Amino acid sequence: MNKGNHDFDELIERRNTNCLKYDFAVRRGKPEDILPLWVADMDFKVSQAVLDAITERVQHGIFGYSEVQDDYFLAVKDWMEKKHDWIVERRWLVKTPGVVFALAMAVKAFTKPGDGVMIQQPVYYPFSEVIEDNDRKIVDNTLVLGEDGIYRMDLEDFEKKAVENQVKLFLLCNPHNPVGRVYSKEELERLGEICIRHDILVISDEIHHDFVYKGKHQVFAAISEEIKNRTITCTSPSKTFNLAGLQVSNLFISNPDIRKRFKKEVAAAGYSQLNTLGLTACEAAYRHGGEWHKELMEYLKGNLSYVREYLKDKLPNIKLLEPEGTYLVWLDFRELGLTEIEREDLIVKKAGLWLDSGAIFGAAGEGFERINIACPRSTLTIALDKLRDAIANL
């Protein structure tokens, strides 16, 4: 099935490796033998170039505090320029142990308790958590699902709620998790105009920017100088190269005042140097992982086609919301007419699957499920067959 150098069909046993995806089902209230397709990491072995770099670093045998030299920044810079037509400067770079950590730091740095923070549900649930856990208020500019199966921003509602709630901070997710939108430049330009007009700072989570099936990812900060000066761009190799456990993210903040305030909040949290092996893996991935990523994208496109055809032929009551990006697929179960509890019973107890219920992404996600297709196709086949059999027995 694979024509490249990497075997994405290889089944790698992840159980008994302290794997969040596979080893903690019982602790999270699920059956021990459940098949997990929920959390956003991949069941694929990383690039050999990354393994070699980590192995060489491990063999040195000392793991003291580490920082990065010019080679690290140049690897990141070259990737951003080659893949996303965006030239970044070294002084803009702020490293954090993860994008969610960065979101929380931004909420603390740029808002006060009780302030409203804008998000667009259904959206990655930590967006809501970092707002509410820091005693801020969620202001939801709910995405609108069109009859064509495409989610769009309601910018009139965005501006109205921004004014009514005196919103000064907006968390943008693009490519969007979980609905799979890759917003066009024109959509983002209109959004940016509103943010400029009402002095709204944008934290742009672009962690899935290297997974695009249709169109091209538009870096929000690259649209104009005015937008760049009010944007914190969050990137990471964690999704692109399956490095989430190594905890490294690269943020770009061109505005010196915003960068200073953000870094002060990170310092106040007591965080300084990043994970040594994370830095090593990040540099190796961006420098040498291009071919691996290219092969990965072809495999994921094949998995997406497989899901599309399977649903059409064998599960017509479940609708695929066609993703423009990410390896997380948004499925519409509403035609089955089940309650949230009934659908959970169907998926978990009858099908033996662990997916992400759409409800955790906000009220607008009720009736949907998110499924991770970054796994060998044989695993995907087993999962879909389980779902088909469970529905047949309803």
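Modeller: Let's start with α11, which gives the most to the lining of the second largest pocket, with 7 residues. Helices here are DSSP runs (H or I, at least four residues), strands likewise (E, at least two), numbered from the N terminus. Bear in mind that this is a predicted model, where local features need pLDDT of at least 70 and side-chain atom pairs pLDDT 80 or more, while totals for chains, interfaces and linings use all residues. Residues are numbered from 1 along each chain as its sequence is written, and side-chain values use heavy atoms, without hydrogens or water.

Back to the pocket (an open set of points on a 1 Å grid over the protein atoms alone where a 1.4 Å probe fits, with protein on both sides within 12 Å along at least five of seven lines). Its lining has 14 residues (each with an atom within 4 Å of a point), and nearest the centre are Glu67, Val68, Leu279, Thr280 and Glu283. Two elements give two or more residues to that lining: α3 (70-84) and α11 (276-288). By class, the lining has 4 nonpolar, 5 polar and 5 charged residues; Asp, Glu, Lys and Arg count as charged, Ala, Val, Leu, Ile, Met, Phe, Trp, Tyr, Cys and Pro as nonpolar, and the others, Gly among them, as polar. The space inside comes to about 310 Å³, as filled by probe spheres set on the points, which are joined across faces, edges and corners.

Elsewhere, Pro97 sits in the loop between β2 (93-96) and α4 (99-110). Pro97 counts as buried because its relative accessible area is 15% (buried is under 20%, with a 1.4 Å probe and protein chains only). Its C-alpha atom is 8.3 Å from that of Leu246, 149 residues apart along the chain. Beyond neighbours within four places in sequence, Pro97 is in contact (heavy atoms within 4.5 Å) with Gln247, Val248, Ser249, Tyr271 and Leu274.

Methods: Buried < 20%, exposed > 50% of the residue type's maximum accessible area, 1.4 Å probe, protein only.
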